[in-house]
Amino acid sequence: MSTTMDAVPPPAAAPALDVRELRTCFASPRGLVRAVDGVSFALRAGETLGIVGESGSGKSVLARSLMGLLPRAPYTQRSGQVLLNGRDLAGMSEKALSRVRGRDIAMVFQDPMTSLNPVLTIGRQIVQVLRQHGELDARDARDRAIELLEQVNIPAARKRMDEHPHQLSGGMRQRAVIAIALACGPRVLIADEPTTALDVTVQAQILQLLRALQQKHGMALVLISHNLGVVAGMCDRVAVMYAGRIVEEAPVRAVFAAPRMRYTEALMKSMPRLDAASHAPLHVIGGRPPNLADPPPGCGFAPRCRAALPQCQREAPAVTWQSGEHRFACWNPL
Ligand SMILES: Nc1ncnc2c1ncn2[C@@H]1O[C@H](COP(=O)(O)OP(=O)(O)OP(=O)(O)O)[C@@H](O)[C@H]1O
Ligand SMILES: [Mg+2]
C-alpha cells in the first residue's frame with residue numbers, strides 16, 4: 001500500500017473505513033460499562049462524518065476504539081470490526097497496529113498537549129513519525145517536516161522546528177498536531193473536538209485548513225464536535241450518538257431540516273452555534289442518560305422522551321432506513 005499523500009484514493013464505492021458492530025465495555029465496580037454498544041458506519045474517501053451526542057454518549061471512546069487506543073483486557077472488552085481498506089484493525093496485535101496507526105489512520109485530540117511530547121522539539125516529533133513509517137533519511141525527513149509545518153500555515157516553519165510545544169500558542173500547537181497526524185498521508189483521520197480549546201477565529205482557520213487538506217488528499221474524516229456550525233460547515237453526514245449507540249444517521253441537511261428522533265431534535269437545540277446570529281438560550285435536554293452499566297430493556301431515551309409509547313420502554317427500537325441514506329432507531333419518529 002502506498003503511503004504518500006498524493007496516492008490515488010480508492011474508488012468511491014469501497015469505503016475507506018467500515019465499522020461493524022463495534023463494542024467497547026469497561027470493567028467497573030458497578031459492572032460492565034457499555035461505552036460503545038454496537039456501532040456500525042461506513043465512510044468513503046474524501047467524506048466527512050460528523051459525530052454528535054450528549055456528553056458521555058461514547059464519542060471519545062468510539063474514537064479511541066477505532067484507533068485501538070484503549071486499555072487492554074481484562075479492563076476493556078471489545079468486539080466488532082474496524083475495516084480500514086478491508087483490513088480489520090480490531091483483530092490486530094499491538095505491534096501490527098502501531099505500524100498502521102499514524103500511517104493509515106491518525107487522530108487529532110481536543111487538547112494538543114495530550115498528543116505532543118513536552119520535552120521534544122516540534123521538528124523532532126514530526127521527523128520521528130516520518131522515519132517510523134517511511135524510508136526517509138534524517139535530512140529528507142527534516143525537509144519534509146518543514147514542508148508539513150508550512151502546509152498547516154505555521155509561519156517561520158524552519159525556526160519552529162527547533163522549538164518545544166510550550167513555546168507555541170494553542171492554535172500553533174494544534175496546527176503542529178495536525179501536521180504530525182497528516183505526516184504520513186493517512187487515509188482516515190479521526191478528529192475529536194479538534195478546535196474546542198481554541199478561540200473562535202483560530203477555530204475557523206484550523207477547520208478551514210483541515211477541510212482544504214482533506215479535499216486535496218481525499219482523506220476520510222471523522223469529526224467529533226459539539227458545535228452545530230462546525231458540523232453544518234464541515235460534514236457530509238452526521239451520526240448522532242446516545243448511550244453508546246448511533247441512534248440516527250443522515251446527510252447533514254436532513255439532520256438539521258428533518259430529524260426523525262426527538263433526541264436529535266433536542267440535541268440540535270442544545271448545541272452551540274459557531275455564528276453569533278443566535279442569542280437564544282440553549283435548550284437543556286431534561287432527565288439523564290441511562291446507566292451504561294445497566295441499560296434499560298427498551299429505548300434508552302424513552303424515560304426522557306415526550307412521545308414515548310409503552311413499547312418504547314419494553315423493546316429496543318429497530319433501525320429504520322429511509323431512502324437508503326437516513327437511518328434512525330425509534331418506535332414513534334417525528
Ligand atoms: N476508562 C474508562 N473506564 C470506565 N468508563 C469509561 C472510561 N472511559 C470512558 N468511560 C465512560 O464511557 C462513557 C462514554 O464516555 P466518552 O468519553 O466517550 O463520552 P463523550 O461522548 O466523548 O463525552 P464528551 O462530550 O463529554 O467528550 C462515559 O459514561 C464514561 O464515563
Ligand atoms: Mg469526548
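A nonpolar core is a set of buried Ala, Val, Leu, Ile, Met, Phe, Trp, Tyr and Cys residues joined through side-chain atoms within 4.5 Å. The views below come from a predicted model.

**View 1. The largest nonpolar core has 70 residues.** Within this core, Ile126, Leu149, Ile178, Leu189, Met234 and Tyr263 have the most contacts. Helix α7, spanning residues 170–182, gives the most to the core, with eight residues. Another core lies apart from the largest one and has 34 residues, including Ala63, Leu66, Ala96 and Val222. In soluble globular proteins, nonpolar side chains tend to be buried together.

**View 2. Leu149 and the residues in contact with it.** Leu149 is one of the residues with the most contacts inside the largest nonpolar core. Its neighbours within four places in sequence are left aside here. The residues then in contact with Leu149 are Ile122, Ile126, Ile154, Ala157, Arg160, Met161, Ala176 and Ala179.

**View 3. The shell around ligand 1.** The residues around the ligand are Phe26, Ala35, Glu54, Ser55, Gly56, Ser57, Gly58, Lys59, Ser60, Val61 and Leu292. By class, four residues of this shell are nonpolar, five are polar and two are charged. Helix α1, residues 59–67, gives the most to the shell, with three residues.

**View 4. Side chains that approach oxygen atoms of ligand 1.** An N or O atom in the side chain of Ser55 is 2.5 Å from an oxygen atom of the ligand. For the side chain of Lys59, the distance from such an atom to a ligand oxygen is 2.7 Å. For the side chain of Ser60, the corresponding distance is 2.9 Å. Ligand 1 taken alone exposes 640 Å², and the protein buries 59% of that.

**View 5. Helix α1 and the residue that follows it.** Seven of the nine residues of α1 are buried, so the helix is largely enclosed by the rest of the structure. The buried residues are Lys59, Val61, Leu62, Ala63, Ser65, Leu66 and Met67. Two of them, Ala63 and Leu66, are among the residues of the core of 34 residues. After α1 comes Gly68, which has a positive phi, near 70°.

**View 6. Glu249 in strand β10.** The strand covers residues 245–251. Glu249 counts as buried because its relative accessibility is 5%, and the cut-off for buried is under 20%. Its side chain makes a polar contact of 2.3 Å with the side chain of Arg237. Another polar contact, of 2.5 Å, joins the side chains of Glu249 and Arg327. Not counting residues up to four places away in sequence, Glu249 touches Phe41, Leu49, Arg237, Val238, Ala239, Glu325, His326 and Arg327.

**View 7. His133 in helix α4.** This helix spans residues 122–133. His133 has 13% relative accessibility and therefore counts as buried. A polar atom of its side chain lies 3.3 Å from the backbone oxygen of Arg99. With neighbours within four places in sequence left aside, His133 is in contact with Ser98, Arg99, Arg101, Gly102, Arg103 and Cys184.

**View 8. Asp111 in the loop between β6 and α3.** Strand β6 covers 105–108 and helix α3 covers 112–115. Asp111 counts as partly exposed because its relative accessibility is 36%. The side chain of Asp111 reaches the backbone nitrogen of Met113 at 3.0 Å. Asp111 and Phe41 are 70 residues apart along the chain, and their C-alpha atoms are separated by 26 Å.

Key: Residues numbered from 1 in each chain as written. Chains lettered and ligands numbered in written order. Predicted model: local features only at pLDDT ≥ 70, side-chain atom pairs only at ≥ 80, totals over all residues. Heavy atoms only, no water. Near = heavy atom within 4 Å. Polar contact = N/O pair within 3.5 Å; in protein donor to acceptor, adjacent residues only side chain to side chain. Areas by Shrake-Rupley, 256 points an atom, 1.4 Å probe, with all protein chains shown as cover. Helix = DSSP H or I, 4+ residues; strand = E, 2+ residues; numbered from the N terminus. Nonpolar A, V, L, I, M, F, W, Y, C, P; charged D, E, K, R; others polar. Buried < 20%, exposed > 50% of the residue type's maximum accessible area, 1.4 Å probe, protein only. Contact = heavy atoms within 4.5 Å.
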